Amino acid sequence: MLRNIWLKTLRDQRRSLFWWITGGAIPIVVYVIVSYPTIRDNPQYDELLQAYPPEMMDLLLAGADSFTSPTGYLQGSLFALIIPIIFLVFAIARGAAAIAGEEERKTLDLLLAHPVSRARVLLEKFGAMVTAILLLGAAFWLMLVIGAGMVEMDIPAGNILAAMIGVINLGLLFGTLALAAGALTGNRGLAVGITGAAALGLYMLNGVGMNIEALEEI
């Protein structure tokens, strides 16, 4: 008898999550962190960025004084675009597959044949998506804290955590929208398209980068 949909969903997705962490979070953070000493000792990067339009500077640095500063570097190289996009893709894929994926694989009827309510299925699928997003966020946070300490980037772990919480919330928002769209339409591709278009619209209006410069006083 099926007793824990949340745990079964996480178990079914464990390999995918493993590769997102080992093939995504770890190499990206390692590459960015080990490049920082070179950036820090080369003020020409700041001079080059001065030629960028003010709107681009606001997106990349979000108020940071310098790209070569620890906060400016992490903001411009990771939190302005790369990490938010990773979490959007990860969360939207998870959300769209939660219900619509089961329906497309013809396994939803088998799941509902067990003595579980539709509300429970929906809630536990949502819980599994939230757990996966949190685990990915924890992996990024841990790698950033370890890496920042190794290259002497003076950024408190709490500040990095606050920035990661912002990205996690972004993923939760659009993952939830994707789950809802998938549950309503039963079409995973359509759910991904609808939610992806909404994320693109948000980016074009306001940008999706997380500002870590504003967290320096935490």
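Trainee: At what angle do helix 2 and helix 6 pack?
Mentor: About 175°, with the axes 12 Å apart. Helix 2 covers residues 14-40. Axes here are lines fitted to C-alpha atoms, for helices over the stretch in contact, and angles run from 0 to 180 degrees between N-to-C directions.

Trainee: Roughly parallel or antiparallel, then?
Mentor: Helix 2 and helix 6 are roughly antiparallel. Cut-offs: under 35 degrees is roughly parallel, over 145 roughly antiparallel, 65 to 115 roughly perpendicular, and the rest oblique.

Trainee: Which residues make the contact?
Mentor: From helix 2, Ser16, Leu17, Trp20 and Ile28. From helix 6, Ile82, Ile86, Val89, Phe90 and Arg94. Contact means heavy atoms within 4.5 Å.

Trainee: What sort of model is this, and what are the ground rules?
Mentor: It is a predicted model: local features need pLDDT of at least 70, side-chain atom pairs count only at pLDDT 80 or more, and totals for chains, interfaces and linings use all residues. Residues are numbered from 1 along each chain as its sequence is written, and side-chain values use heavy atoms, with hydrogens and water left out.

Trainee: How many helices and strands in the protein chain?
Mentor: 10 helices and 0 strands. Helices (H or I, at least four residues) and strands (E, at least two) are DSSP runs, numbered from the N terminus.

Trainee: What share of the residues is buried?
Mentor: 45% of the 218 residues. Buried means under 20% relative accessible area, exposed over 50%, partly exposed in between (1.4 Å probe, protein chains only).

Trainee: And the contacts, what part comes from residues 24 or more positions apart?
Mentor: 78% of the contacts with a separation of 6 or more.

Trainee: Switching to charges. How many salt bridges?
Mentor: The count comes to 5. The rule is a side-chain nitrogen of Lys or Arg within 4 Å of a carboxyl oxygen of Asp or Glu.

Trainee: What does glutamate 102 pair with?
Mentor: Lysine 125, with the closest N and O atoms 2.6 Å apart. Glutamate 102 lies in helix 6 and lysine 125 in helix 8 (residues 118-150), so the pair ties together parts that are 23 residues apart in sequence.

Trainee: Are those two buried or exposed?
Mentor: Glutamate 102 and lysine 125 are both buried. They also belong to a salt-bridge network with Arg105.

Trainee: Which residue does arginine 188 meet?
Mentor: Glutamate 104, at 3.7 Å, N to O. Arginine 188 is in helix 10 (residues 188-206) and glutamate 104 in helix 6, so this bridge links parts 84 residues apart in sequence. Arginine 188 is partly exposed at 34% relative accessible area. Glutamate 104 is partly exposed too, at 37%.

Trainee: What about aspartate 12 and lysine 8, how far apart in helix 1?
Mentor: 4 residues, about one helical turn. Their side chains form a salt bridge at 2.8 Å, N to O.

Trainee: Which residues form the nonpolar surface patch?
Mentor: Leu81, Ile82, Ile85 and Val89, with about 300 Å² of accessible area together. Patch residues have over 30% relative accessible area and no salt bridge; like charges are joined within 9 Å, nonpolar side chains (Val, Leu, Ile, Met, Phe, Trp, Tyr) within 5 Å. Areas come from the Shrake-Rupley method with a 1.4 Å probe; for residues, only the protein chains shown count as cover.

Trainee: Where does leucine 81 lie?
Mentor: In the loop between helix 5 (70-79) and helix 6 (82-104). Leucine 81 is partly exposed at 35%.
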